[in-house]
Amino acid sequence: MDNLIEIDFNNIYVTHNGVKVSIAQHRDPDPLATKFQEVGIGEPNAFMPIIRYGSTLTELIDALQEAQSRIDYKLDMGDLWHDECETEI
């Protein structure tokens, strides 16, 4: 028998100024065991910028505003948004 851990992936995809944003919550089979809650910027890949958030509405809003600010700053600087290797917050 395999000892694989099942994780439930729940993603919401939106865009801001043409840039993809993924709002994610990943859970174990236990419905109360949240593994990750994060906002990703750009095309989904291993190097996309990630902003993690906690379990409150305020923390989710803060993470979304941080993503919006990062996208706006990059566009204001004249850079095209592309998938770059950036560090997590």
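**View 1. Ser-22 lies within strand β2, which spans residues 19-27.** In this predicted model, Ser-22 has a relative accessibility of 8%, and it is counted as buried because that value falls under the 20% limit. The side chain of Ser-22 is joined to the side chain of Asn-11 by a polar contact of 3.0 Å.

**View 2. Ser-22 is in contact with residues from other parts of the sequence, once its neighbours within four places are left aside.** Among these partners are Asn-11, Ile-12 and Tyr-13, and Glu-38, Val-39 and Gly-40 are also in contact with Ser-22.

**View 3. The largest nonpolar core has ten residues.** Its members are Val-19, Val-21, Ile-23, Val-39, Ile-41, Ile-51, Tyr-53, Ala-63, Ala-67 and Ile-71. At least two residues of this core come from each of β2, β3 (34-41) and α1 (57-76). In soluble globular proteins, nonpolar side chains tend to be buried together.

**View 4. The protein chain as a whole contains one helix and four strands.** Starting at the N terminus, the elements follow the order β-β-β-β-α. Of the 89 residues in the protein chain, 29% are buried, and the accessible surface of the chain comes to about 6,400 Å², with 55% of that area belonging to carbon and sulfur atoms.

Notes
Residues numbered from 1 in each chain as written. Predicted model: local features only at pLDDT ≥ 70, side-chain atom pairs only at ≥ 80, totals over all residues. Heavy atoms only, no water. Buried < 20%, exposed > 50% of the residue type's maximum accessible area, 1.4 Å probe, protein only. Polar contact = N/O pair within 3.5 Å; in protein donor to acceptor, adjacent residues only side chain to side chain. Contact = heavy atoms within 4.5 Å. Core = buried A, V, L, I, M, F, W, Y, C linked by side-chain atoms within 4.5 Å. Areas by Shrake-Rupley, 256 points an atom, 1.4 Å probe, with all protein chains shown as cover.
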